[in-house]
Amino acid sequence: MKRTNLSTLAVAGVLALGLSACSDSTTAEGGKPSGKASGDVTVGFSVYDMQYEFFQKMEKGTREAVEAKGWKFKLHDEKSDENEMVTGAQALLDQGVDVLIISPFKPDALGPIVAKAKQKNIPVIIDDIGGGGTPYDAIVISDNADGGKQAADYLAQQVAANGGKSKKVVSITCEPSAVYAARRNQAFDQQIKDKGFQVVTELSGNSKAEEAYKIMKDALAKDPDVVGVFACNDPMGVAAANAIKDAGKDPVKGIVTVGFNADPEAITAIGKGGLSATIAQDPAGMGAKTVELAAQALNGGKLTYDDESKREVFQKVTLVTKDNVAQFAG
Amino acid sequence: MTSDTALPPAPGAQAPAPATETQRRWARQHSIGAVWETWGITAVLVVLLAASPLLSSDFLTVANLQSVLRESAYLGIVAAAMTLAVMNDTFDLSVGGQLALVSVTTLMGYAAGGTGLAVLVAVVTGVACGAVNGALVTAMRVPPFVATLGMLFVFRGVAYVLTQHGPKALPYSEIGSPFVKIGGLNLAGIPLPFLIMVAFYGAIWVLLRRTATGRRILAFGSSPEAARFCGISVHRIRMLIFVVIGFSVGVAALTYVSRVWTADGAAQDGFELRVIAAVVLGGTSLKGGKGTLIGTFSAVLLVGVLNDLLVSSGVDASYQRIVLGCVLITALAIDGLRTRFAAPGSFARVLPRRRREAPAP
Amino acid sequence: MTTAAPERGARAAAPRARLSRAIESAPLAVPLVLIAVVLTVATDRFLSVDNLTNVVVAAGIVAIPGLAMTLCIAMGEFDLSVGSTVSLTGAVTCTWIVGGHPAGVAMLVGLLVGAAVGLLNGLVVTKLGVTPFIATLATLVIVRGVSLAYTGGRDAIVSSSTLKFLAAGRVFGVPMPVVLTAVTALAAWWMVNRTRFGRWVCAIGSNREAARMSGLPVDRVRTTVYVIVGVAGGIWGLLISSQLQKGSGQLGLGFELDAITVVVIGGTSLLGGRASVVGTLLGAVLIETIRNGLNLLNTPPAYQRISIGLLLVVALTVQAMRRNAPAEALDDV
């Protein structure tokens, strides 16, 4: 039994030796200079979660922009996990990428990643979600607050057009930890209150369609005279619209239903009159913008920002309704 | 001999003793099967490491190996304590909730009083969580499975309440803090979290093999009736196990949150299942009474290596799941086929069959 | 309304025991009535027809897999893969509908996929001898992966009135999910209390080795139970996809715990050997009433989790404290 203990130590020891023996070989390659000539540039892109169509589009936009420059592209999928995010993004840095583009699952977990990149002198461009107060080189961000505001304006206008009898609206939020997405509902709530409406139900559907469906059903039982609903993302917006339909009401003419993201399911629903509107972000365009910023950073030049002080580059959001939905189809 | 599997044999068992049961046990411990039980998963790990250059050219670099060891540590530390629990024929489903809660309170502790307070808060919160579980199981007599399933919701819920105005995080200005070093430092090229994990395995090994308490843990898992008959207090042992698990989560959370810098109620969803999977993959039987720390240790690294290989060779996340799930089933099927009829009381049926299958691993 | 294993059978036949078994579900009615009273006072809409319909429909939907899980738990085992089955069934059905197949055929194929997942679980557990808890944990991961790979991360969006009827239709004014639940519950009650199969399930739950030695077809019964859970998970998936009019790899995350929770709160012992059909129904109603009430009161989801967790702990503590031999509680599970 004594040998078990020894062998445990031996395993650890072998690993340790292996590591310390190798550690000399790498010191040479630290501190890569920036301002590389194009041709042998590798761009590392750490993406939030490839299971979502939004990020699939973002990845496509980024990859195509990288390939158009004749650069190499390395993808890492964070799979909606902060541990995977930190481990994988740091691994990209270890693999010697020349620039890191990242759409962080948890912006607050960017610290150790950005710190490592700074140490290696690798520029970091953040794509959406948030920067977590780190010294990144640039962040491309959708204007979430503006989206929430546009949703409120459109909702108020449509309620008036429908001849809505009450001023009661419902606001369905994403999971409580999604602080940046929460700005959509915060801006919506503020704007809709300014227009004289009252948010009678505000609950988190945890970004899940199943939960949003139940919340909407319950909200309708509580206030049958609700005239509008805004959901933080499209799966929840479309689920709310389905709940409204199942309660025997119309999710456009009876209760104005607005989602966020312009996912295919929302576009389909708007086309069929099953959803009033959604707010389109342009993930592919955001991806292309990050690559442009990466090129500027690699050339050692100055980056062009929309907001110099926060190193922010804005990507506009667009209201999608039945009038312009055709542009977003396909 | 090298096995830390199964109940410590009676002194006489080292040499063939007259009692047939002892003889059988001796034979079992020295068969290919027994060696496989302890070292099998380690062998798989070695094979995988040897094959890794074929699968990914980037794998065998120092930075990457450090990365795998660093990120495996928090899982490994809790898995060591969970091995104790599973050997004792119980388990703790609440560790994911504990990890989220401890990570949140640790960051709050850091904000309030720096590294020292953060470490203290981590350990205290972890032990407190464990004590609550232990009290439910011993004093209130709730079955462990359900008590810890319920507490999983409760711990996560409390973490959610504490972070309802946004996740707790370490600001970037703290980049030089000693707290960050817990997760980031390398000593002689070895990541500190991994060293903590090795030390933790050492401590659990000593507890299990060198103390009376450790023998009682195994004895109870192997035969509750016999253990009770010998006057072993079930309650005290169960309480201790849950507190040790809570403590391990406290330590693990330190290596986790100092690396990831942020936590909220949703942190590491499904952690409990990953921990139990590592323990079982390592060869510890869910029927209690036997288990191997070496196996758990290797299984944690195996999962880490496999995950790293799949990620770096660009395998789609959906296929990554399928591969990891299949590995788990295969490992269990090997174990399951071997011990299929080993349930207590079915020896008469087992033996002829065993003999026929004897050469099988 | 509960049934006991054969060795307890003689006693179970006595009228006095039958009465005491009927009372076993009573403790659930107490919190249910209390919560209902509180909600009636605290909100003016709790007792409205719309709201009560919501509660009953939601409870019915979770009760269907709950009833199948009751069998599984009575057998002393678990099926953790049911949330992934929900996702895969919905994804397959909706993809078939998108592909132009009649909705009826697509739904049937979906249910067959659910049954196939159940069969896979059953075979892994019986033929490979893997502990059910871990085997179904592995299939949970695998089936979720298959569902994501099958959909390629894209939703299959449908607009099918046939599929919609399942969750939103009414038969003689009764919502379809309630009809489905009633049928499932009657079938489950009959199976547990009136058939040889039900007795076998409980016998295996009480003592699997004894059941095997007394010649019961243990492996076949176990496999059948997993197939039943798979089909019930499939029905659950169809209902969710019917509500949302889509199939997706993202649906059904964490549902396995919902299904187990209603069974456990319903009083079916995790030690196996007994199944409480009425308890599971009541458990589902209780959980959904709490959720509905917290929604009506605009309570953040964090408190919903805490209250369900506490309810589980309290339910189990009560269950454990009522048992005569407290030490027994520590032996298993």
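Reply: A network of salt bridges links C:Glu77, C:Arg208, C:Glu209, C:Arg212, C:Asp219 and C:Arg222; a salt bridge here is a side-chain nitrogen of Lys or Arg within 4 Å of a carboxyl oxygen of Asp or Glu.

The model is a predicted one, in which local features need pLDDT of at least 70 and side-chain atom pairs count only at pLDDT 80 or more, whereas totals for chains, interfaces and linings use all residues. Residues are numbered from 1 along each chain as its sequence is written, chains are lettered from A and ligands numbered from 1 in the order in which they are written, and side-chain values use heavy atoms, with hydrogens and water left out.

Over all chains, the whole structure holds 23 salt bridges. One of them joins A:Lys106 to A:Glu82, with 3.7 Å between the closest N and O atoms. A:Lys106 lies in the loop between strand E3 (99–102) and helix H4 (110–120) of chain A, and A:Glu82 in helix H3 (residues 82–94) of chain A, so the pair ties together parts that are 24 residues apart in sequence. Helices (H or I, at least four residues) and strands (E, at least two) are DSSP runs, numbered from the N terminus. A:Lys106 and A:Glu82 are both buried.

In chain B, a salt bridge connects B:Arg156 and B:Asp269, whose closest N and O atoms are 3.8 Å apart. Because B:Arg156 belongs to helix H5 of chain B and B:Asp269 to the loop between strand E4 (262–263) and helix H11 (271–281) of chain B, this pair ties together parts that are 113 residues apart in sequence. B:Arg156 is buried, with a relative accessible area of 6%, whereas B:Asp269 counts as exposed at 63% relative accessibility.

Helix H5 of chain B (residues 144–162) also holds B:Val158, which is partly exposed at 31% relative accessibility. Together with B:Met108 and B:Leu162, B:Val158 forms a nonpolar surface patch with about 190 Å² of accessible area. Patches are made of residues with over 30% relative accessible area and no salt bridge, like charges being joined within 9 Å and nonpolar side chains (Val, Leu, Ile, Met, Phe, Trp, Tyr) within 5 Å. Accessible areas come from the Shrake-Rupley method with a 1.4 Å probe, and for residues only the protein chains shown count as cover.

Between chain C and chain B, the count of salt bridges is zero. Their contact (heavy atoms within 4.5 Å) takes 52 residues from chain C and 53 residues from chain B. About 4400 Å² is buried between these two chains, 77% of it from carbon and sulfur atoms; buried area is the accessible area (1.4 Å probe) that two parts lose on being put together, summed over both.

Over residues 324–333 of chain C, the pLDDT is below 50.

Notes
Buried means under 20% relative accessible area, exposed over 50%, partly exposed in between (1.4 Å probe, protein chains only). pLDDT is the predictor's confidence in each residue, from 0 to 100.
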